[in-house]
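Colleague: I'd like to learn how to read a structure like this one, feature by feature. Could you take me through it, with the general idea before each case?

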Amino acid sequence: MASAMKLTDRQAWQALQAHYNQIHNRHLRTLFSEDPKRGERMNVEAVGLYLDYSKHRVTDETIRLLIELAEEIGLRARIDAMFRGDKINVTEQRAVLHVALRAPRGESIMVDGKDVVPEVHEVLDRMADFSARIRDGSWKGHTGKRIRNIINIGIGGSDLGPVMAYEALRHYSDRNLTVRFVSNVDGTDFAEATRDLDAAETLFIISSKTFTTLETMTNAHTAREWSLSKLGDEKAVAKHFVAVSTNAAEVTKFGIDAKNMFGFWDWVGGRYSMDSAIGLSTMIAIGAENFRAMLAGFHAMDEHFRSAPFNRNLPVLMGLLAVWYNDFFGAQTVAVLPYEQYLKRFPAYLQQLTMESNGKHVMLDGTPVDYQTGPIFWGEPGTNGQHSFYQMIHQGTKIIPCDFIGFCRPLNPLGRHHDLLLSNVFAQAEALAFGKTPEQVKAEGTPDWLVPHRVFEGNRPTTTILADELTPESLGKLVALYEHSVFTQGAIWNIDSFDQWGVELGKVLAQRIIPELEASTEPKLAHDSSTNTLIRRYRERRHS
């Protein structure tokens with residue numbers, strides 16, 4: 001358990017507050033003019049990623065003070081505790097060991113006196129064998145046809161990670177396979193995913209640790225009914241369904257052969273599980289070799305995070321900068337802007353990773369925080385966003401720190417497309433930093449009345465992350481970069497980044513309301529007047 005000292009009472013925090021008061025009005029134009037080589041100096045390159053943080057509203061002193069804060073709260077000890085397998089998820093008394101999912105064979109990571117790495121590789125090997133059988137056609141469906149369609153049924157971490165990874169690595173996927181994802185309990189999600197598919201060629205992966213999650217199991221039973229209505233034989237379930245779960249009894253009861261259940265562990269949080277058996281759909285799509293390359297990328301970033309000094313540590317610097325804007329500038333959001341169409345689901349994935357992890361209102365000891373915790377993450381791929389919300393980023397009244405992500409080489413080279421794409425990465429970061437002054441606008445011949453509308457204040461902070469190419473390995477590095485940035489922020493705020501009690505209450509109340517909606521006679525309602533009225537209106541009108 002971390003020290004009971006309040007974060008805002010710490011010497012390093014108070015030094016940062018005094019420093020903020022001194023520099024928060026300094027413009028990036030000034031910072032660059034005073035230090036023309038700032039952009040050559042304020043960057044870090046590690047494990048194949050290049051991070052430029054020079055366009056942040058910071059000085060060398062800012063970085064020094066942020067690192068002092070990290071040292072004062074014991075970030076290094078917190079990192080070591082996670083890698084050691086300590087139960088740092090204090091409210092659930094669990095270790096937090098997603099790093100074990102990508103540990104190479106031969107490494108040793110202990111949980112409760114047991115080395116978990118051999119178990120991880122046993123599951124990976126079973127996944128690889130199964131994936132190979134699907135990909136080479138040796139796994140046949142109930143009628144003898146080969147499987148051509150894969151549908152992953154899950155929700156939250158059992159969906160967002162696999163969806164993001166499949167879309168991100170679609171270039172490397174087997175195009176003879178159709179891979180789709182169902183997560184929403186809205187029947188439209190399932191109906192549209194299966195509308196044009198042949199059940200005899202379709203495999204469902206049911207991803208639920210407990211095999212009891214309401215949305216996932218509702219969709220799973222609908223999938224079962226859909227399959228049997230077309231295949232007509234209960235035995236077909238064993239050939240068209242596999243499970244990613246730890247509940248062998250429920251899996252078997254469903255009709256899935258326990259040999260086709262791929263397990264994981266309670267030290268893997270859902271939003272950190274895309275590189276566990278939850279990634280089975282990813283492995284089937286891209287193959288085991290590419291999946292292992294992704295794991296190697298994760299591991300490379302893990303080792304960098306664990307060992308690099310804080311002033312050259314990519315996740316630590318990103319995490320500290322997030323704290324700087326969130327808690328001192330009052331920035332409420334972070335925009336993640338990947339200039340790579342394959343990463344179109346990356347911002348949505350990061351929403352869960354960051355907001356479920358650090359959307360907390362109490363510290364580890366249960367006492368309320370007196371500062372802001374996790375910011376809102378959002379974004380879209382460039383250049384689409386430029387014709388949508390960039391107006392607010394450039395000329396709005398809110399500070400919105402931005403992460404630009406770009407790749408030096410395209411996966412689909414087409415004429416000058418990639419040069420145009422990357423020119424926008426660099427131009428947008430430049431425009432956000434330096435803006436355009438009234439004098440510059442006037443010098444262009446703009447009438448005086450129009451000048452205020454064409455002024456760009458600038459001084460908008462950005463990070464630019466560059467990699468050579470989007471590969472399975474570089475994707476692993478990017479995801480781990482954000483995982484460990486989230487960890488850094490949570491450590492500073494002294495919160496539990498690995499529980500998610502906030503998702504429970506609505507689920508519990510929904511279980512109470514379901515029978516009230518389905519009752520054949522008018523139920524006795526005991527909710528508030530708004531909820532009661534809504535339930536009655538729905539019951540009256542759903543069949544009208």
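Colleague: Is aspartate 266 buried, exposed or partly exposed?

Modeller: The general idea is a cut-off on relative accessible area: buried is under 20%, exposed is over 50%, and partly exposed is in between, with a 1.4 Å probe and protein chains only. Aspartate 266 has 45% relative accessibility, so it counts as partly exposed. Before we go on, note that this is a predicted model, where local features need pLDDT of at least 70, side-chain atom pairs count only at pLDDT 80 or more, and totals for chains, interfaces and linings use all residues. Residues are numbered from 1 along each chain as its sequence is written, and side-chain values use heavy atoms, with hydrogens and water left out.

Colleague: Where is aspartate 266 found, and which residues is it in contact with, leaving aside neighbours within four places in sequence?

Modeller: Helices (H or I, at least four residues) and strands (E, at least two) are DSSP runs numbered from the N terminus. Aspartate 266 is in the loop between β9 (261-262) and α12 (280-286). Contact means heavy atoms within 4.5 Å; with neighbours within four places in sequence set aside, aspartate 266 is in contact with Arg94 and Lys209.

Colleague: What does a buried residue look like here, say valine 251?

Modeller: Valine 251 has a relative accessible area of 0%, so it is buried. Its place is helix α11 (residues 248-254). Not counting residues up to four places away in sequence, valine 251 touches Phe211, Ala243, Ser245, Ile256 and Met261. Valine 251 and leucine 231 are 20 residues apart in sequence, and their C-alpha atoms are 20 Å apart in space.

Colleague: And glutamine 352: buried or exposed?

Modeller: Glutamine 352 is buried, at a relative accessible area of 11%. This residue sits in helix α15. Leaving aside neighbours within four places in sequence, glutamine 352 is in contact with Gly156, Gly157, Leu160, Arg271 and Ser357.

Colleague: How should I read aromatic pairs, and how many are there?

Modeller: Rings of Phe, Tyr and Trp (its six-membered ring) pair if their centres lie within 6.5 Å; planes under 30 degrees apart are stacked, over 60 edge-to-face, and the rest tilted. By this rule there are 26 aromatic pairs. Take tryptophan 13 and tyrosine 371: their ring centres are 6.1 Å apart and their planes are at 45°, so the pair is tilted. Tryptophan 13 lies in helix α1 (residues 11-23) and tyrosine 371 in the loop between α15 (346-358) and β11 (376-378), so the pair ties together parts 358 residues apart in sequence. Tryptophan 13 and tyrosine 371 are both buried.

Colleague: What kind of pair do tyrosine 20 and phenylalanine 329 form?

Modeller: Theirs is edge-to-face, 5.0 Å centre to centre with 85° between the planes. This pair also links distant parts of the chain, from tyrosine 20 in helix α1 to phenylalanine 329 in helix α14 (residues 314-329), 309 residues apart. Tyrosine 20 and phenylalanine 329 are buried. These rings belong to one aromatic cluster formed by Trp13, Tyr20, Trp324, Tyr325, Phe328, Phe329 and Tyr371.

Colleague: What should I look for in the backbone?

Modeller: Most residues other than glycine have a negative phi, and most peptide bonds are trans. Valine 47 has a positive phi, near 40°, and lies in the loop between β1 (43-46) and β2 (49-52). At 28% relative accessibility, valine 47 is partly exposed. Glutamine 93 also has a positive phi, near 50°, in the loop between α5 (75-84) and β3 (110-111). The peptide bond from glycine 382 to threonine 383 is cis, with omega near 10°, and threonine 383 is in the loop between β11 and α16 (390-395).

Colleague: To finish, how many helices and strands does the protein chain have, and what share of its residues is buried?

Modeller: The protein chain has 22 helices and 13 strands, and 54% of its 544 residues count as buried. Its C-alpha trace spans about 75 × 60 × 60 Å along the principal axes.
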